[in-house]
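The sequence and structure come next, followed by the points grouped by topic.

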Amino acid sequence: MSAVPIGQLDELQAYAESTAGCTRCRLAQGRTQVVFGSGNPRADLMFVGEAPGFHEDKQGLPFVGQAGKLLERLLAGIGLSRQDVYIANTLKCRPPGNRDPQPDEIEACEPHLFRQIELIEPRVVATLGNFATKLLTGRPLGITRVHGQEQEATLGSRSVVLYPLYHPAAALYTPAMLKVLESDFARLPELLGRAVEPPAPPLPELALVAGPQQPAEQLGLF
Ligand code: SF4
């Protein structure tokens, strides 16, 4: 687990409380409550889904319906539970009728997600479905093209391994997609292990040949 100072945990709690009254976009009007996120505030593994649905909006927790149960089953398959990871969404409020998030809503809400990532300091961020994947990769490629392909990314001020996955809600009713999701999920322990390995110090002569390092892709939008 990441060594997060106590002050930072307080900061996450304070940030969650400050978000509870957010009116940055039109979704504030129809929500029951803001669904900030839940789980281990020191998690090495963070999931980012799309938006709260009916049950999430009522209960104030992400992934509590059938998709949540599937996510829990997939986590159990790699020896983890909800308490070990942190789960959040791209949008913190439910779109009416569970319609797709609109670009201006995503833009309004993304500072909340980036701040969460900064405060939780995960090593691996797994995006669930198209919306979270496109936002956090900064690319328009859909989930069918990029699922299971990890990449290094800088989110806010945090360098992470970004790992796109199918959304569990989509996999629920499509057995072929579920198989792919299970197979992609099975690589998470390896990615977590790789993410915690300290980088090998470069050999001086190789460092000279390689020249200056390219800056990591900056996707933060603060
Ligand atoms: S969706 Fe995000 S930006 Fe819009 S009101 Fe809710 S918390 Fe604020």
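In this predicted model, helix H5 (residues 130-137) lies across S2, S4, S5 and strand S6 (158-165). The helix runs at about 135° to S4. The strands under discussion belong to an open sheet of 6 strands with mixed pairing.

**Sheet**

- The strand order is S1-S3-S2-S4-S6-S5.
- Strand S1 (38-39) and strand S5 (151-155) are the edge strands, each pairing on one side only.
- Strand S2 (residues 45-49) pairs with strand S4 (residues 124-128) in the parallel sense, over 4 bridges.
- Val 48 stands opposite Thr 127 in S4.
- Val 124 is in strand S4, and its relative accessible area of 0% is under the 20% cut-off, so Val 124 counts as buried.
- Val 124 and Val 160 are 36 residues apart along the chain, yet their C-alpha atoms are separated by 5.5 Å.

**Nonpolar cores**

- The largest nonpolar core has 28 residues. Those with the most contacts inside this core are Met 46, Val 48, Tyr 86, Leu 113, Val 125, Leu 136 and Leu 155.
- Helix H1 (6-19), S2, S3, H4, H5, S5 and S6 each supply at least two residues of the core, and H4 gives the most, with 7 residues.
- Leaving aside neighbours within four places in sequence, Val 125 is in contact with Met 46, Val 48, Leu 136, Leu 155, Val 160, Val 161, Leu 162 and Tyr 163.
- Another core, of 25 residues, lies apart from the largest one; among its members are Leu 45, Tyr 163, Leu 188 and Leu 192.

**Salt bridges**

- The structure holds 10 salt bridges.
- Glu 105 and Arg 26 meet through their side chains in one of them, at 2.5 Å from N to O. This pair links distant parts of the chain, 79 residues apart: Glu 105 is in helix H4, and Arg 26 is in the loop between H1 and S1.
- Glu 105 is buried, at 0% relative accessibility, whereas Arg 26 is partly exposed, at 40%.
- Glu 105 also meets Arg 99 in a salt bridge, at 2.6 Å from N to O. Arg 99 is partly exposed, with a relative accessible area of 26%.
- Arg 26, Arg 99, Asp 104 and Glu 105 are linked in a network of salt bridges.
- Arg 123 and Asp 44 form a salt bridge at 3.3 Å, N to O. This pair too links distant parts of the chain, 79 residues apart, with Arg 123 in the loop between H4 and S4 and Asp 44 in the loop between S1 and S2.
- Arg 123 is partly exposed, at 26% relative accessibility, while Asp 44 is buried, at 16%.

**Cysteines**

- The count of disulfides comes to 0.
- Cys 22 is buried, with a relative accessible area of 15%, and Cys 93 is buried, with 9%.

**Positive phi angles**

- Asn 98, a residue other than glycine, has a positive phi near 60°. Asn 98 lies in the loop between strand S3 (86-89) and helix H4 (103-120), and is partly exposed, at 43% relative accessibility.
- Glu 121 is not a glycine either, and its phi is positive, about 60°. Glu 121 is found in the loop between H4 and S4, and is partly exposed, with a relative accessible area of 21%.

Notes
Residues are numbered from 1 along each chain as its sequence is written. This is a predicted model: local features need pLDDT of at least 70, side-chain atom pairs count only at pLDDT 80 or more; totals for chains, interfaces and linings use all residues. Side-chain values use heavy atoms; hydrogens and water are left out. Two strands pair if DSSP finds at least two bridges between them. Contact means heavy atoms within 4.5 Å. Axes are lines fitted to C-alpha atoms, for helices over the stretch in contact, and angles run from 0 to 180 degrees between N-to-C directions. Buried means under 20% relative accessible area, exposed over 50%, partly exposed in between (1.4 Å probe, protein chains only). A nonpolar core is a set of buried Ala, Val, Leu, Ile, Met, Phe, Trp, Tyr and Cys residues joined through side-chain atoms within 4.5 Å. A disulfide is a pair of cysteine sulfur atoms within 2.5 Å. A salt bridge is a side-chain nitrogen of Lys or Arg within 4 Å of a carboxyl oxygen of Asp or Glu.
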